[in-house]
Amino acid sequence: MAEKDAEELQEQEEELEIPTSLPLLPVRDVIVFPYMIVPLFVSREKSIAAVDAALSKDRLIFMATQKDISKEDPETSDLYTMGTVGMIMRMLKGADGRVKVLVQGLLRGKIEQFTQTAPYYNVDIEKIEESVIEKPSLEIEAMMRTVKEQLEKLVSLGKSVFPEIMMVLENIEDPGRLADLVASNLGLKVDDGYKVIETMDSVARLLKVNEYLNKELQLMQMQVKIKSQAKEEMDKSQREYYLREQLRAIKTELGEIEETSEETEELSEKVKEAKMTPEAEKESMKQVERLEMMHPDAAEAAIIRAYLEVLIELPWSNTTRDILNIVKAKRTLDKDHYGQEKVKERILEYLSVRKLKKKTKGPILCFVGPPGVGKTSLGRSIAGAMGRKFVRISLGGVKDEAEIRGHRRTYVGSMPGRIIQGIKQAGSVNPVFMMDEIDKIGADFRGDPSSALLEVLDPEQNNAFSDHYLNLPFDLSRVMFITTANMLDPIPHALLDRMEVIEIPGYTEEEKLKIAKKYLVPRQLQEHGLKESLIGISDEAIREVISQYTREAGLRNLEREIAALARKVAKKVATGHKEKTSITPKSLHEYLGIPRYLPDEDQEADEVGVANGLAWTPVGGELLHIEATTMSGKGALTLTGKLGDVMKESAQAAYSYARSRAAEFDLPKDFHKNLDIHIHVPAGAIPKDGPSAGITMCVALISVLTRRPIDKDIAMTGEMTLRGRVLPIGGLKEKCLAALRAKMTTIVIPRSNKKDLEDIPADARKKMNIKLVSHVDEVFDIVFKKKIPAKKKASPASPARKRAKPRANP
């Protein structure tokens, strides 16, 4: 039949006179070859119009394939130029308006130009006549035979090709026609098919088709191999299943097996008792039904059981009742923690709102402060004051998004994320959930956990949190989330924006003393089995431990040192010493060794070029001695002390200010040409940076240039401009406490920081003589004393003290 059609098609082609202007039918996902009969569905208005135009004339139409099949209305540039002239054999209109046509390819053609674009495309084409090779060479015959044999192999491997086509192939002697016929039955991709149709030379076209045949043959062989392996595995599984069923039937007859229905009934009861959401209960019952239909030993059955156990154990509706007695809650917070009034006030405000309105969203707080100030223990205390369960996870070093959202159940060993695991551990849907070290989250190729936390810590989204393992929405809106961080800078802005930041600064020496007496010492005595009748630590000894054995904003090292004292005394008691051991400042070194941090040596007198600055560090404030000196030279400005770029710019600004005011300071006009200036900030090995050393550097520089001594008992901090304005700074509390530790009570600060004085404890504030300044000239009036005579040299700068300092940030 196919042979007869091919002969008729050839006769029609010879009898027909094909015009050079034809309607164009854009084809989406197929290349129509000559001698190919193909059904096409036509639904676009332009295409239907082109079919109607062809049927109204000689039934001839030109078919060109789209380059992008997704375009609904292709432009002229979206069509391949090579195509096929075809004859519409049949046409059938459907009820939905689509038209189905049966088209025969006649010969190749190439679009020369578009003569019409509406209501359908009409094109002028160049008919491409192919020369028939009457006597092919041996090489061509060998190639043709190879192509036929490979196609036969494909058919034997399962390739779907009509038997009539194989009969036609046996009688084809023209390589071009053979190439077209084989290509039309290979199911080539559009790009590969176009490479064939645009190849004019029949032998080259046959070679290209042979390449595609080789590739298709390799793919089919691989497919057959994979199917064979799969069948073997399937046969093995079926055999094992059959044997297990036989074994199970034998055990059932012997009464040695429990029916699966008992397990599924038990699971169904637990699902109903769990009081899940309707969506979760529906999914759980669906999984129970799947489990009932499975063999108990099937691998997927274990996965379903584990999934159902997680769903059943989750507290979908279990809540704890909040303690709404504000006085009692305040008493609990005060008992557990000294100070921290901001945090306590915020919790009491939340409880007050809960007392007035039952349904409220849980707050999302972020405690920011140095290590050891009690951020984590404060969260546990909050849970106790509210009567809620407490859950804590650490996010430090977490790099995998699945740690937050969980793993998908398709993975072996998959489990829920740490959020859902924490809720499950709490057994309550409204716990206090603490996430430590949120500023130390990482990110790598496995995802960004901080981005996953955006949904968890957003009150507008977390009422339907989706864990990959559960694949069900879970309500986190009643959870009180508390995060902790040492610094805000590493936290992504989008995540930080979702949290209410509460800063927890370091403690003063007086606060540490009271905390040690009230909390630390009793706790360590209890942990070491000591009674108060066996050990006594004086207040002065505790003060000396704070000042000479620890240097921190928090309390961790202080508690370690107190624990060391308790261990030493416990050893004495264990060896038979029954008398009370009194620890005083004089005997302290016998237990703790030599002091680790010696206090700064007091300057004997006011000096020229030595100013006391204040710096902020992540573990509290620090005192910096900024030194300046001059020498004969050519006007060089040298800066040492491992200074950062900002501090170097502060020194340059101070130098420029001194030059601009040279006349007012009675300086020679050309002093900057004859003097080298060296500014140094001990300790030299510690990196330092920040803008707040501006006025300190300026004071040291003006002092050394005007030979005016600086008051040794004054500390200062503030940023300055080139015009001498003093700008506000941060970390005022920590800086002022550092000045107090160094026994400097007069502190110069920017006037704009007056509002920040409220953060300093009242007892510490009473000891300070705060000087507010808005211009650097006011600083000069405070710190400078009478001028030293020219013949008298300034006393040498104090040597750099050997101190273990944290990284400074003035």
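Helix H3 passes helix H5 in a left-handed crossing, a term used where the near helix is turned anticlockwise from the far one by less than a right angle, with clockwise counting as right-handed. The model is predicted, and local features need pLDDT of at least 70, side-chain atom pairs count only at pLDDT 80 or more, and totals for chains, interfaces and linings use all residues. Residues are numbered from 1 along each chain as its sequence is written, and side-chain values use heavy atoms, with hydrogens and water left out.

Helices (H or I, at least four residues) are DSSP runs numbered from the N terminus. H3 spans residues 138–156, and its axis comes within 11 Å of that of H5, crossing at roughly 20 degrees; axes are lines fitted to C-alpha atoms over the stretch in contact, and angles run from 0 to 180 degrees between N-to-C directions. H3 is therefore roughly parallel to H5 (angles under 35 degrees; over 145 counts as roughly antiparallel). On the H3 side, the contact (heavy atoms within 4.5 Å) is made by Ile140, Met144, Val147, Lys148 and Leu151, which meet Pro175, Leu178 and Val182 of H5.

Ile165, Val168 and Leu169 of H4 make the contact with Leu178, Leu181 and Val182 of H5.

Note on methods
Helix = DSSP H or I, 4+ residues; strand = E, 2+ residues; numbered from the N terminus. Parallel < 35°, antiparallel > 145°, perpendicular 65-115°, else oblique.
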